Every structure is written in structure tokens, then in C-alpha cells.
Amino acid sequence: MSYGDKTAVDGLSLAVDRGSITAVLGPNGAGKTTTLETCEGYRRPHSGRVRVLGLDPIADRRRLLPRIGVMLQGQGAWSGVRAMEMLRHIARLHAHPLDVDMLSDRLGLDECGRTPYRRLSGGQQQRLGLAMALVGRPEIVFVDEPTAGMDPAARRTTWELLREMRADGVTVVLTTHYLEEAEQLADRVHIIDHGRLIASGSPLELTRGGTAATIRLVVTRPFPPGAPDSLRIALGDATEVTQLDERSLLVIGPADSTTLARVSHWCEEQGVLPESLTLGRRSLEDVFLELTGRELQP
Amino acid sequence: MTGTFTPMPGGAALHRQVLAQASMEARLMLRNGEQLLLAVVIPVIVLVGAVKGGQHLDLSPSVLDGRPLVDLFTPGVLALAIMSTSFTSLAIATGFERRYGVIKRLGASPLPRLGLLAGKVLALVLVELVQLFVIGGVGQLLGWTPEPGAVGFLLAVVLGTAAFAALGLLVAGTLRAEATLAAANLIYLLLLAGGAVVLPASAYGGFGSFAEWLPSGALGEAVRTAFLDGAVAWRDLGVLLGWAVLGSALTARTFTWE
């Protein structure tokens, strides 16, 4: 997918399982929206093949559209339309819509049901956009940055709703640049950057499984020279050791009791006294940082 | 196992979708202050002003053959109302729908493009009905006695709406929303003043023979012929058909929904 000579999405290959939540994660401008809009039939890929529910989003668009729900990034409603009026309108275009009152209740839209769209807050517009994507009882929903601009409470409600949809057999594909959102919700995470897929897997796989972990070691006095290398040798090949500053080291590897015993034995050998030893699971943030060399969020 | 969200996808029957779209658009149009001004308030002011002003000036155009001025101006103002709705209102509304992503959003709904177009046309007809009742009612209060020209009027409404809607979409499809707003209002004012819509083409002297070929002039003449003579103005309907075909062809080549 290119615009002029800038390629937005390039050689991206990913598959989504039915009844799962898939998160497409990446920084702004990574090609998340382009990827979604190609699945929704808004954009024609310059090369490659896209199938949604076995259908071509462009050629079979009319057959596909009733089966998918789409939440666009912002806008998508008349400026003078009232929130519930808009939701009811979209519901009427479908054969078996959800009960709009239930949906507005679940998403807290009743507080602004009679408010014109242009006067809704960003979070309210987001919630209405989500409601419009769900109301037709789709098989797949594509939600673009569903919780951007939402307050923490609305974000939790949205996560609940998306989990419940998964439990009811709906496939959810979402884009996000919130790592926590991907970690909390997704069965599979695809990390893209500069239009390329750079990693895929469950949040656990991406953070190297259940045993994958970090140990942050802080000592009372500066380490002697060559400390990271000697610790790596002491721990074996399965670990990576990075010096964070003169008194702290980050160990990435299995945080089991053997490793801990070796770390404390190494401290004794080096004549350093641990001040703190913190165990942590490697977060998606760490993964992202390693893969792209930059932070996802400023 | 069925839960709240268990998929049960599908579009509503097409005619239901079109009806939903039409009633939504008509409601939005009648609720919007500027659109209402254009659809009802300005035509009524023009009608009352022309009739009262003409009476004070003792005007009695020869085309009227001694009949009251309101018989001339009510058909003209009805033509103006059709033009304002199907051209100006449609162009502005569509321009902003593109801007606000409404059309993109609806593009992801089960409503097909043709259904959206049908919904828009039906909404125009609904608004035109409201206009007919208001303007016709005010005309009656001023003493309007139309000739029975239902066939000629109906054909004028259909072809006039088609011609102006095609031109309105042409403007909305080629310009930005703000430019559409400006252009649609400007063209409306120019046609109101010089397009032989409220005043008959004969009132424009030599320019009148040109104005007859404008969609505004043709629509005005067609509605006047219907209600002044109870006849069908085939020539003017032909002109409107020509504009409808030309406008549709250009719109089909240039219009993109998003």
C-alpha cells in the first residue's frame, strides 16, 4: 500500500483467528489504520491478497459489509444528529440489530443521548462510534483506536465489552498504541512499524512465555569493570545482561531459583552487596523497545 | 450458546434502509436553521414581498390577462423552492457529509451507494412536500387560484429535482465543503435574481431567450405553465431533462463519495 513514493504498509502478512481478539500495535504512522481500512474494503492493496471471512473486501464488498462492524478513527456522524438518533439510524440499516437501549446503557451513552454529535466529548464520540460498530451484530468488528480519548473508567468498560463479545464468538481486530490495552485484551498481538510486521504472538509469547522475566539488580557500591560479562558467563547462554547504570544491572532470562542463586553467588564473588533484587515479567514495552529501538509512547 | 453479542449479521430489507435514510436526512434538513431558512422562510418572504410590492406598484403583466399577481408568483416561488432544496441544500449537506466522514461511515454499513442516493432523493421529495404545503398555503391566503395542472407540475418537480440534484452533487463532488457552501449559495442567488425562476423569462427582455435555457428558467416556466394555463410545458421539460442527463453524466464521471 503506497501513497506517492511513501510506502505505508509493505509486505504485511497476518492472519486472525475467529472468536479471538487481535491487536495491531504500533506507533503513530506505522500503518495500523491503513491495514484496517484495507480489510474494510476502503483501500485497494497495490499487491497481495486480503480475505475477510473468505471474501475479497473490494470485489465482494456488498456481501461482506453486513457481516462486519467498523469503528472509524473519529467522526462519521452528522454534526447536528443526536447521539441516540445516530445509533438508532445505524441499527435500522441492519436486520437483527442489538437492543440500542441496552447498548447505550452498557456504554454510558444515555447521559448524552439527546446531545448533538458536535457537542459530544471526544470520549463520548468514541463510545458512540464503538456502539455503531457493534449494533449490527457483526461476525468481525474492526475497531480503530477504540479507547483513544476515553477516561480510565470508560476504557475498562470497553475492555469488558470486547471480552464479552469474544466470549460470544465475535472476532475482534483492534489497533492501539496503548501497550496495556494489547497486553490486557489481546489473544494475539501483531507489532508493526514503518508498515512492516516486526513481531507476532500472544502477549505471553512476545514477552518470552511464562518463565521469561527480568531481574533488576541494584547494589550498594559501583560494580567492578566487566561485571555484565562475568555475570553473563555465570548465568549461561539463556540470559542477557545489560548494565543500566554503575550500580544496577538488568538480567533478561528465566527468573527461576537457579538463576537467583547464581546471581547471589556472583555478588558474593564480586564482593558487592545487593541493595535490591526486583523480579518482573518482561513487558510488551520492553519488547517494543528492543525491536524498534524507540519508545511507543512519548 | 447465545449471548448478547452472538453474531447475527445482515442488512435490513433495502426499502427499509432507504426509508430510514430518507427520514433521517429529511429530519436533519428541516431541523437545521440555515436549511430551513433556504427551504421555507426565503421563498415565503419572496412570495409575500413580490405580491405585495407588485400590488403597490400597480403591476399587471400582460401574461396574466388581468389575473392577480399571486397567480404568477406562487408557481415561480414553488419552482424556487424546488431549486433551493434539490440544488443548494443537497449540495451543502452532501459537502459536509463528505467532510464529516458520514458517507465513509455509511459506506461501511449495509446501505449500498444506490440506496444512499435513493434515500437522498426521497428526502428531497419529503422536504419539497413540506414546501408545497407551506408556500401553497401562503399563496392561497394571498388569493392564489391555480389552474388544475397536476400532471405538468408533477413532471416539473421530477425533472427539476433530477436536474438540480445532479448539478448539486456535481458541485459537492468537486469542491471542498466550505467552497461548496459558498458556491451553492451564490449560484442560488444568481439564479434567483437572473435565472427566470420567480419572474417569467419575458420579464428579462433580450436576456429572457437565454434564461429560458437555464434549468432555473425552464423549471420556472414549466411550473407557471402548469398552474397558469393548466398545460404541460413540453419544451421546458425537455430542457430540464437535458440538464438532468448532462448533470448526471458529469457527476458520474467526477463524483466520489468520500
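Student: Which residues does Ala95(A) touch, not counting residues up to four places away in sequence?

Tutor: Ala95(A) touches Gly10(B), Gly11(B) and Ala12(B). Keep in mind that this is a predicted model. Ala95(A) is found in the loop between helix 3 and helix 4 of chain A.

Student: Why is Ala95(A) called partly exposed?

Tutor: Its relative accessible area is 38%. Buried means under 20%, and exposed means over 50%. The value for Ala95(A) falls in between, so the residue is partly exposed.

Student: What separates the C-alpha atoms of Ala95(A) and Pro66(A)?

Tutor: A distance of 9.1 Å. Along the chain, the two residues are 29 residues apart.

Student: Now Gln17(B). Why does Gln17(B) count as buried?

Tutor: Gln17(B) has 3% relative accessibility. The cut-off for buried is under 20%, so Gln17(B) counts as buried. Gln17(B) sits in helix 1 (residues 14–31) of chain B.

Student: Which residues are in contact with Gln17(B), leaving aside its neighbours within four places in sequence?

Tutor: From chain A, Leu93(A). From chain B, Gly11(B), Ala12(B), Pro110(B), Leu111(B) and Pro112(B). The side chain of Gln17(B) also reaches the backbone oxygen of Ala12(B), at 2.8 Å.

Student: What makes Arg27(B) and Glu85(A) a salt bridge?

Tutor: Their side chains meet at 2.9 Å, N to O. The rule asks for an Arg or Lys side-chain nitrogen within 4 Å of an Asp or Glu carboxyl oxygen. The pair meets that limit, so the pair is a salt bridge.

Student: How many salt bridges does the rule find across the interface of chain A and chain B?

Tutor: Three. The count of residue pairs in polar contact between the chains is 18, with both residues at pLDDT 80 or more. By class, the side of chain A that touches chain B has 22 nonpolar, nine polar and twelve charged residues.

Student: What area do chain A and chain B bury between them?

Tutor: About 3,500 Å², with 60% of it on carbon and sulfur atoms. In chain A, Trp78(A), Leu93(A) and Arg137(A) lose the most area to chain B. Together they give 21% of what that side buries. In residues, 43 of chain A are in contact with 35 of chain B.

Student: Where is chain A divided into domains?

Tutor: Domain 1 covers 2–204 and domain 2 covers 212–282. Their C-alpha centres lie 43 Å apart.

Terms used:
Residues are numbered from 1 along each chain as its sequence is written. Chains are lettered from A and ligands numbered from 1 in the order in which they are written. This is a predicted model: local features need pLDDT of at least 70, side-chain atom pairs count only at pLDDT 80 or more; totals for chains, interfaces and linings use all residues. Side-chain values use heavy atoms; hydrogens and water are left out. Contact means heavy atoms within 4.5 Å. Buried area is the accessible area (1.4 Å probe) that two parts lose on being put together, summed over both. A polar contact is a pair of N or O atoms within 3.5 Å; within protein, one must be able to donate a hydrogen and the other to accept it, and residues adjacent in sequence count only if both atoms are side-chain atoms. Ala, Val, Leu, Ile, Met, Phe, Trp, Tyr, Cys and Pro count as nonpolar, Asp, Glu, Lys and Arg as charged, and the others, Gly among them, as polar. Helices (H or I, at least four residues) and strands (E, at least two) are DSSP runs, numbered from the N terminus. Buried means under 20% relative accessible area, exposed over 50%, partly exposed in between (1.4 Å probe, protein chains only). Domain bounds come from an automatic or database domain assignment.
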